Structures are given as structure tokens and as C-alpha cells.
Amino acid sequence: MAFPRLIDATCDDIRRALDDGLFSSLDLVRAYLKRIEEVNETVRAVTEVNPDACEIAGMLDEERARGIVRGPLHGVPILLKNNIATADNLNTTAGSTLLKGTRVPRDSTTAARLRATGAIILGKTNLTQWANYRSLNSPDGWSADGGQTLGAYHVNQDPSGSSSGSGVAVDLGLAAAAIGTETDGSIMGPAAKNGIVGIKPTVGLTSRDLVIPISEHQDSVGPMARCVRDAALLLGVLAGRDEFDMYTWEMGGVPDYVGACRDGLRGARLGVPFHLLDREGIEVEIEEFKKALGMLEDCGAVVVGCEFGASKRDIRGKEFQVFAADFVPGLEKYLSQLVYNPSGIRTLQDVRDLTRQSEQEAYPEMNTDRWDEALAQGWDNTDVEFGRVYGELMDMGNACLPRVLEELELDAVVLPTTIAPVWAAVVGAPIITVPLGHYPGDAVVRMENGLVDTGPGVPFGLSFLGRRWGEERLIGLAYGFEERTRVRGRSVERVVEPRGEVVREG
């Protein structure tokens, strides 16, 4: 059988090749490790690789030879964002040198579910340090532990954050797929800026057990993949109730997300908040988005104008108060579970003080303003003040996405990914981004930190936002859009591209 380049290969391609004996999981792991070796010094997408990956692959190959296949990811290498804990020889640091060498009592539920279905945890991916909850001046994709992650489409491309390494690694084919986390935009941004698919699930659909937190009210673990079907496959593995995360007990059973990968556009009612499209700096994305609306209508969808009842500025002010209230006790809870903690950190105050004292942590070049704000707030999510602020935040959030979905009987709201995440994040609703296009021409826009925000070839995405627990519907919409556009399949030159492919030994 013909096998595609690893930069294009899907999980289905890999599974068929393994089933047909085209190569083994050990061959595949070695190929991915070679690709990481080729490009990682430049893009810094991967913080470390699993030293046991080849041994695990060999064991899974032996199981396959005996007719034992654990699940759809048997022998398939997956990367994890470096705030998702594993009880193995990999570190879990959230990008901080203070967490190097720490050990957790068990695999996170995310890691355990992947292993149970046969996935090989190939390594950990870099991230904006502490999932972008430390500094106001830290570049996307920078961490003290992993350095500066860069996108592959332009020299010094901003990879977006905080799941930066996961986005870049999936784009470059450094693993079959990756897992990210999102509080507000941290899967959506890196997926869009690196030309891949990302799903931020309903808060409570996937467990946050032993994931270094920001906010229990908004954190979500989700898949990042090269196509909608792969993302749906991973979501089905990750989803489900978990004794370690009470939020997951709100859900019922796990739907057939792969089965939802059929064209859902005909007859769909899609809302567009046109008042949000008047934004400078993303004119190219807006233009392509409006063209996409015409295509959606041609496919039988009905586009309905709508207006949100609160401003992003007002929402963000309350949102960061909630983050601070959740982060202080949430971090303390995570640190209290460590079975080995060489830095001795137990509280946010400890983390802040040691970060400021460590040369490796690049203070004061990278400040600690988020932590300073959280510590100065003076109340957390057990305080009566939290109830008031969170209630106000929910009133504003519900006046936007949930209200228009209900009142206008919409299947989803659709937006350019650049401006989409907050509206789903604040109410714990799902969102999926699919590649929409690439920046043309030769105009380059640099950020104050010197990274390239937009430039020739840099990707951008389109997002579908839906009701809580409405992932099936969004997957059908995204799949229909992907099938008609095939943006990722277009030939776009990268400045970094690994050469190594799977070579079967012997």
C-alpha cells in the first residue's frame, strides 16, 4: 500500500499500515524520534522524549502479533502538553525549572486513558510557561524549561499559546497527534496558527486530574490533530466520567464522535456575530471568513446574523478575577499530590519567590505579574466574594453564546478563530477550529517581542462554537467544512520541515 508522508498521515493511515504490516510501531517511533531530532533545535516543540518509547512500542508490536489490539490507537505515538502528568520517566513541569524532577502518585487520567487504548506517549511538548499564567510579557511558546517554540511557516513565527509545542509538533508530523489544554484560547490559537484541527471540549467532558491547573471552571483537556476525524477519535478516548474530577459527573455517556464525522452542513443554522468582525489587523482573515460564509450557504447551511449581549473587555475583567481565585488553591492542591518535590514548593507564594530568585527562570525579563495579581486579590473560590463575581461573569457569558444559540435555534456560531475562544471559554462550552487559509503576499507583522505574528504562509482558522455537551454537532459541521475546503492539503512552503519518513528495518 502507498503510505503518505508523516506530515500528512492520519491516525487511520497509521492504523491501517500497522494492521497490514507495512511497518511496526517500533519503526514508527524511531521515525518520529528522527524527525524530532531533525527540527527540534529550531522549533523547540518537544521538551523531552520518552526514554522508554522504543521498549513500549516493541511490547505493543508483540501484542499485535498475538492478535491483541487494545484500541484504535494501539501502537500509535502521541505527544502530551507538559502540564499533563505522567507517572513514568518523563518530567511534568508546566515549563518551570522548579518542577523538574517532581513525581506524581499515578498517571493523570488523560495519560491513563491513552495508554489503556494502546497509545504510546512519545514525549512532552513545550508550552507558554504555566499555561500562560505567569507573565504579562512572556512570548507565546516560551518557557524556562523548554525555550522558545517557533511555528514552521515563517522565520521566528509566533506559534500562539499556550499549547504551542503541541500545535507545532502536530503540524510537522512529529507524532500522530498531540494533547493540549485550554482555559481561554490555548488550544484554539496554536491549532489555527499551525494549520491543524483543535477541539476544546465542554468543561467536564475530559478529566483535568493531575493536570497543572489555572481555573477549574474553565480548564479543559482536548485533542490537536491534522484532521477532524483524528481529533474526534482522540476525543472519544479522553472523554468520560472520572472519580478524580467531579466536573465530569455532569456528563452522561460518551457519544460516537468518529461516527459524527459526516457532513453536517446541509440545513444547519449558523449564527454570525457580525459586530465582532470590525477588528483591525486581521483583515485577511475576515475576508476569507466572509468567503467561507458564502461557501457554507452554498452547501445548504443557513447563515443568521446575531449579536452578543456583553463586551469582551467586560468579560475579561471578571474572567481574570475568577482565574486568580481558582489558581491559588488549585495549584496548592496539585503540589500537595506530588510524591517527590525537590524544590519544596507548596504554595503560589513559594513558586513566585523561587522563580524570582532563579536565574534559569529569566526574571525580571519575564515578570510574575499574573501571580502578583492573584496573590494581591485576597480571596479565592471558597470566599463569598467569588460567588458574586462568578455570578456576574456567568450573566455576561450567558448573554452571548448560549442566548443566541437558544433564541435563534442555532446549531452553532461560526467565527474566525482569532476572535472566537473567549465566547465559549467563559461558559465552559465546546469549540472546534479547522484550517481556513494562509496569509498571502510579503507583508510581515511583528510583535513587540520580535516574533512574527502574521506573514506569508502563516495559517489561520475558522471556529464552530456550540452548546455544552454539543461536540457531536460541532464535529459534523467541522468535518463538512474540512471535506469541502481541504486547506491543510494545499501546498504551502514551510521554513522548517523534517525529511525522515518511516523506514522498515530488516
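Reply: A salt bridge is a side-chain nitrogen of Lys or Arg within 4 Å of a carboxyl oxygen of Asp or Glu. In this predicted model, Lys318, Glu385, Arg388 and Glu392 are linked in a network of such bridges. Local features in the model need pLDDT of at least 70, side-chain atom pairs count only at pLDDT 80 or more, and totals for chains, interfaces and linings use all residues. Residues are numbered from 1 along each chain as its sequence is written, and side-chain values use heavy atoms, with hydrogens and water left out.

Side chains of opposite charge can pair when their charged atoms come close. The structure holds 34 salt bridges. One of them joins Arg134 to Glu361, with the closest N and O atoms 3.4 Å apart. Arg134 lies in the loop between helix H5 (129–132) and strand E4 (142–143), and Glu361 in the loop between helix H11 (348–357) and helix H12 (369–377), so this pair ties together parts that are 227 residues apart in sequence. Helices (H or I, at least four residues) and strands (E, at least two) are DSSP runs, numbered from the N terminus. Arg134 and Glu361 are both buried; buried means under 20% relative accessible area, exposed over 50%, and partly exposed in between, with a 1.4 Å probe and protein chains only.

A further salt bridge connects Arg352 with Asp353, whose closest N and O atoms are 3.1 Å apart. Arg352 counts as buried because its relative accessibility is 17%, whereas Asp353, at 28%, counts as partly exposed. Asp411 and Arg473 also meet in a salt bridge, at 3.0 Å from N to O. This pair links distant parts of the chain, 62 residues apart: Asp411 is in the loop between helix H14 (401–407) and strand E11 (412–416), and Arg473 is in helix H16 (residues 471–485). Asp411 is partly exposed at 22% relative accessible area, and Arg473 is partly exposed at 29%.

The aromatic side chains come next. A pair of aromatic rings is described by the distance of the centres and the angle of the planes. Rings of Phe, Tyr and Trp (its six-membered ring) pair if their centres lie within 6.5 Å; planes under 30 degrees apart count as stacked, over 60 as edge-to-face and the rest as tilted. By this rule there are nine aromatic pairs. Phe308 and Trp423 form a tilted one, with 5.0 Å from centre to centre and 55 degrees between the planes. Phe308 lies in the loop between strand E10 (302–305) and helix H10 (312–336) and Trp423 in helix H15 (residues 421–425), so the two tie together parts that are 115 residues apart in sequence. Phe308 is buried, with a relative accessible area of 5%, and Trp423 is buried at 3%.

Tyr439 and Phe460 are edge-to-face, because their ring centres are 5.3 Å apart and their planes stand at 75 degrees. Tyr439 and Phe460 are both buried. Elsewhere, Tyr133, Phe320, Phe323 and Phe327 form one aromatic cluster.

Charge and ring can also meet. A charge sits over a ring if NZ of Lys or CZ of Arg is within 6 Å of the ring centre and within 35 degrees of the ring normal. The charged end of Arg370 sits over the ring of Phe320, 4.0 Å from its centre. Arg106 lies over the face of Phe244, at 3.7 Å from the ring centre.
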